[in-house]
Amino acid sequence: MIIFGTRTMPSKRQEGHFHCPRCSAKQPYNRVNVNRWFTLYFIPVIPMGSAGEYIECLSCAGTYKPEVLSYNPDAARQETLDTIRRSLTLFMAAAGRTSMDDVRKLQEAILDVFGEQVSGSAISQDLQHAQRAQVPLGPYIAKQLGGLTPKGKEAVLYAASLVVSIGGHIPSYEAQAYSQLRAALGLAPLEVEEF
Ligand SMILES: [Zn+2]
């Protein structure tokens, strides 16, 4: 009786450094190719091609899809900051806060809450765009910021409260924009939110 079958065997293809999501740091990796072999009496005799590949972190042994190599934490951070800035600017437009003074307030709020400098001209451009495009606040926020962590969402709401000075006497359309933002972020009303 001839015993035949197939089996898969990993083989190292390439090594390098990448940003490991589990380690949250730059680590060495192996790119591993999994080959399928035709076996005879349990001995691999004929290669049958690749059955897939993965990236293995040599520090934590975590394995990932090859796409992980193109992840750039600095670019991702900048993209998130841009999205937060655009979202808060849209909120300002909805709240009718569009003066240069309001632009400065938002700059300060983003610096206070996120520790990041954003330029006033970027906010002004966002504001012009927001006023032209008439994007509805709620759906935009839900779509753009739905993926933030609960802490991230709270931070966005807090930054918004700094711009409209929640707690003092604020006009109803500002309160309405704030409630829309809060609801779109899926957050409960704050205690200070009494108008
Ligand atoms: Zn790792």
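Reply: What follows sets some computed values beside the definitions of the terms.

Reply: This is a predicted model, in which local features need pLDDT of at least 70, side-chain atom pairs count only at pLDDT 80 or more, and totals for chains, interfaces and linings use all residues. Residues are numbered from 1 along each chain as its sequence is written.

Me: What makes L137 count as buried?

Reply: A residue is buried if 20 or more other C-beta atoms lie within 10 Å of its own, exposed if 12 or fewer, and partly exposed in between, with C-beta atoms placed from the backbone. L137 has 20 C-beta neighbours inside 10 Å, and therefore counts as buried. L137 belongs to helix 4 (residues 137–145), where helices are DSSP runs (H or I, at least four residues) numbered from the N terminus.

Me: Which residues is L137 in contact with, leaving aside its neighbours within four places in sequence?

Reply: They are L90, F91, A94, A177, Q180, L181 and A184, and contact here asks that the C-beta atoms of two residues, placed from the backbone, lie within 7 Å. For L137 and L90, 47 residues apart in sequence, the distance from C-alpha to C-alpha is 6.6 Å.

Me: Why is helix 1 called oblique to helix 3?

Reply: Helix 1 (residues 73–94) packs against helix 3 (residues 120–133) at an angle of about 55 degrees, and their axes are 9 Å apart. Because of that angle, helix 1 is oblique to helix 3: angles under 35 degrees count as roughly parallel, over 145 as roughly antiparallel, 65 to 115 as roughly perpendicular and the rest as oblique. The axes are lines fitted to C-alpha atoms, for helices over the stretch in contact, and angles run from 0 to 180 degrees between N-to-C directions.

Me: What makes helix 5 roughly antiparallel to helix 6?

Reply: Helix 5 and helix 6 (residues 172–185) pack at about 175 degrees, with their axes 10 Å apart, and helix 5 is therefore roughly antiparallel to helix 6. In this pair, K153, V156, L157, A160 and V164 of helix 5 meet E174, Y178, L181, R182 and L185 of helix 6. The contact of helix 5 with helix 6 has seven nonpolar, no polar and three charged residues, where Ala, Val, Leu, Ile, Met, Phe, Trp, Tyr, Cys and Pro count as nonpolar, Asp, Glu, Lys and Arg as charged, and the others, Gly among them, as polar.

Definitions and conventions
Helix = DSSP H or I, 4+ residues; strand = E, 2+ residues; numbered from the N terminus.
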